[in-house]
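Subject: Structure handover

Hello,

Here is the structure I promised to pass on. Please open it first, then read my notes below.

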Amino acid sequence: MADGHSPASASALAERSAEAQRATWVSVAVNLMMTIVQLVVGWLAHSQSLVAHGLHSFSDLLSDFLVIYASRQSAHPADSAHPYGHARMETAATLVLGISLTLIGGGFLWESGMRLQHIEALPAVDFSALWVAIATVISKEALYRYLIRVGERLRSQLLIANALHTRADAASALVVVVGIGGALMGWSFLDLLAAALMGFMILRMGVQLA
């Protein structure tokens with residue numbers, strides 16, 4: 001072929017892209033469902049941390065669509081404008097995910113600091129929020145294990161990055177579990193301290209990934 005790629009290699013690229021996109025659409029479905037549930041239950045149960053985590057899950061949706069776009073682009077064979085192919089789209093998208101993790105971690109730290117100054121203003125949390133937070137941890141961890149398995153099999157840097165993003169979301173959901181549990185027991189400050197710790201860990205992960 002003129003571009004130096006055989007039909008077999010082009011077919012392999014297309015198959016790899018299709019599998020990566022299938023895995024990402026599974027992630028889209030899970031993140032969409034958990035975003036809606038967390039926002040609705042968080043609002044009804046007066047749980048600020050659950051609402052905040054719902055917004056965090058929404059950011060995962062944006063990451064998923066970024067993965068889908070980059071996977072499609074990287075599947076294109078080399079051409080005159082891209083003599084080395086389009087695979088570097090994955091590297092660029094991985095950088096974006098790393099930066100997003102850094103911003104999310106910084107946001108956790110900032111929000112925790114602000115809430116520490118106004119503990120008395122935090123509303124009472126309903127018990128239903130705890131069950132949703134636990135379900136979020138389980139679903140996000142299961143999604144991480146699925147994505148990391150597919151990413152390692154395909155050797156996709158971008159899918160692995162998205163899996164790490166999902167695990168960070170599972171870890172932050174665990175922070176919400178601790179926070180809601182503490183709030184139900186009257187120890188609201190535990191939520192803020194745990195959120196600050198997780199914010200630092202997510203920020204550090206994002207910097208390393210970027």
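A residue counts as buried when its relative accessible area is under 20%. Keep that cut-off in mind for two residues below. Note also that this is a predicted model.

Start with Asn 31. This residue sits in helix H1, which spans residues 7-44. Its relative accessible area is 0%, so Asn 31 is buried. What does the side chain of Asn 31 join in a polar contact? The partner is the side chain of Lys 140, at 2.2 Å. Setting aside residues up to four places away in sequence, Asn 31 touches Ser 57, Asp 60, Leu 61, Asp 64, Lys 140 and Leu 143.

Next, Leu 154. Helix H4, residues 128-154, holds this residue. Leu 154 has a relative accessible area of 14%, so it is buried too. Take Ala 20: it is 134 residues from Leu 154 along the chain, yet their C-alpha atoms are 7.8 Å apart.

Last, the helix pair H4 and H5. Helix H5 covers residues 157-184. The two axes come within 8 Å and cross at roughly 165°. Angles over 145 degrees count as roughly antiparallel, so H4 is roughly antiparallel to H5. Their contact involves 22 nonpolar, 5 polar and 6 charged residues. The crossing is left-handed.

Best wishes

Conventions: Residues are numbered from 1 along each chain as its sequence is written. This is a predicted model: local features need pLDDT of at least 70, side-chain atom pairs count only at pLDDT 80 or more; totals for chains, interfaces and linings use all residues. Side-chain values use heavy atoms; hydrogens and water are left out. Helices (H or I, at least four residues) and strands (E, at least two) are DSSP runs, numbered from the N terminus. Buried means under 20% relative accessible area, exposed over 50%, partly exposed in between (1.4 Å probe, protein chains only). A polar contact is a pair of N or O atoms within 3.5 Å; within protein, one must be able to donate a hydrogen and the other to accept it, and residues adjacent in sequence count only if both atoms are side-chain atoms. Contact means heavy atoms within 4.5 Å. Axes are lines fitted to C-alpha atoms, for helices over the stretch in contact, and angles run from 0 to 180 degrees between N-to-C directions. Angles under 35 degrees count as roughly parallel, over 145 as roughly antiparallel, 65 to 115 as roughly perpendicular and the rest as oblique. A crossing is left-handed if the near helix is turned anticlockwise from the far one by less than a right angle, and right-handed if clockwise. Ala, Val, Leu, Ile, Met, Phe, Trp, Tyr, Cys and Pro count as nonpolar, Asp, Glu, Lys and Arg as charged, and the others, Gly among them, as polar.
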